[in-house]
Amino acid sequence: MAYKNIIVDTEDNVCLIRLNRPEAMNALNLDLLGELGEALAEAQKNDKVRACVLTGSEKAFAAGADIKMMRDKSFVDVFTEDLFTPQERAVKVFRKPLIAAVAGYALGGGCELAMTADFIIAADTAKFGQPEVNLGVTPGMGGSVRLSRLVGRAKAMDMALTGRMMDAAEAERAGLVSRVVPAKKLIEEALAAARKIAEKSAISVMAIKEMVHRADEMPLSEAVLFERRLFHAMFATEDQKEGMSAFIEKRTPHFRDR
């Protein structure tokens with residue numbers, strides 16, 4: 001499928017999606033977000049795709065939501081069209097692993113988009129921020145909520161209220177990103193992680209993703225029970241028998257996603 005605002009490549013069971021609005025530092029408009037949702041939907045249906053990597057350019061993952069697109073809209077406009085809700089949902093319902101590979105600026109909507117991924121691998125050039133306060137608005141795609149849960153209330157309030165940026169080293173210390181790598185190796189490292197995931201049982205991978213995300217919305221006792229029930233459910237799969245047999249027999253498992 002041909003896209004105008006993203007580039008999609010699939011190889012070795014991994015789908016690489018690259019945001020591609022270089023003239024606007026990958027600012028997120030509805031066309032780009034719509035294409036991203038379509039690409040993820042296609043990846044979800046493609047049995048050969050077992051993991052996805054989402055990235056931007058060396059200069060910017062995404063420098064924010066497109067201000068030119070939003071400037072003249074009224075409350076009635078954004079409320080009626082439910083601005084960003086369908087676009088965020090398209091990423092949230094993606095069931096396969098999604099890794100954000102971030103270099104350069106990930107600000108506002110760009111930071112929020114990165115946080116919808118299952119984890120973030122950052123280049124040492126990455127800078128994260130929620131500077132909406134500088135525009136007289138607030139985060140609008142989960143920035144205040146996800147950032148608080150990832151880095152804690154104090155740091156999230158610091159960033160959202162002052163508009164300051166967090167560099168890659170601070171982001172790793174705070175728990176926003178899983179690891180920091182040299183910028184030249186960012187895509188290589190992200191694809192390697194995706195390929196490693198692609199080797200696993202797709203059933204257990206999807207179950208792990210679901211239990212982790214559901215835990216964010218549950219009390220601790222309910223989250224642990226949900227985890228345990230999914231763990232129990234794995235014993236109905238062929239992959240559980242294969243994985244445990246391979247471990248005992250000291251060989252590489254051959255999962256069949258059954």
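**Strands and helices in a predicted model**

Good morning. The crossing of helices α5 and α6 is left-handed, a term used when the near helix is turned anticlockwise from the far one by less than a right angle. The contact is made by E112, M115 and T116 of α5 together with G143, R146, L147 and L150 of α6, where contact means heavy atoms within 4.5 Å.

This is a predicted model, in which local features need pLDDT of at least 70, side-chain atom pairs count only at pLDDT 80 or more, and totals for chains, interfaces and linings use all residues. Residues are numbered from 1 along each chain as its sequence is written, and side-chain values use heavy atoms, with hydrogens and water left out.

Helices (H or I, at least four residues) and strands (E, at least two) are DSSP runs, numbered from the N terminus.

I turn now to strand β2. Of the 6 residues of β2 (residues 14-19), 5 are buried, so the strand is largely enclosed by the rest of the structure; buried means under 20% relative accessible area with a 1.4 Å probe, protein chains only.

Strand β1 (residues 6-11) pairs with β2 in the antiparallel sense over 6 bridges, pairing requiring at least two DSSP bridges. In this pair, T10 stands opposite C15. The hairpin of β1 and β2 has 2 residues between the strands, and D12 in the turn has a positive phi of about 55°.

What joins β2 to strand β3 (residues 51-55)? The two run parallel, joined by 5 bridges, and R18 stands opposite T55 in β3.

Note on methods. Buried < 20%, exposed > 50% of the residue type's maximum accessible area, 1.4 Å probe, protein only.
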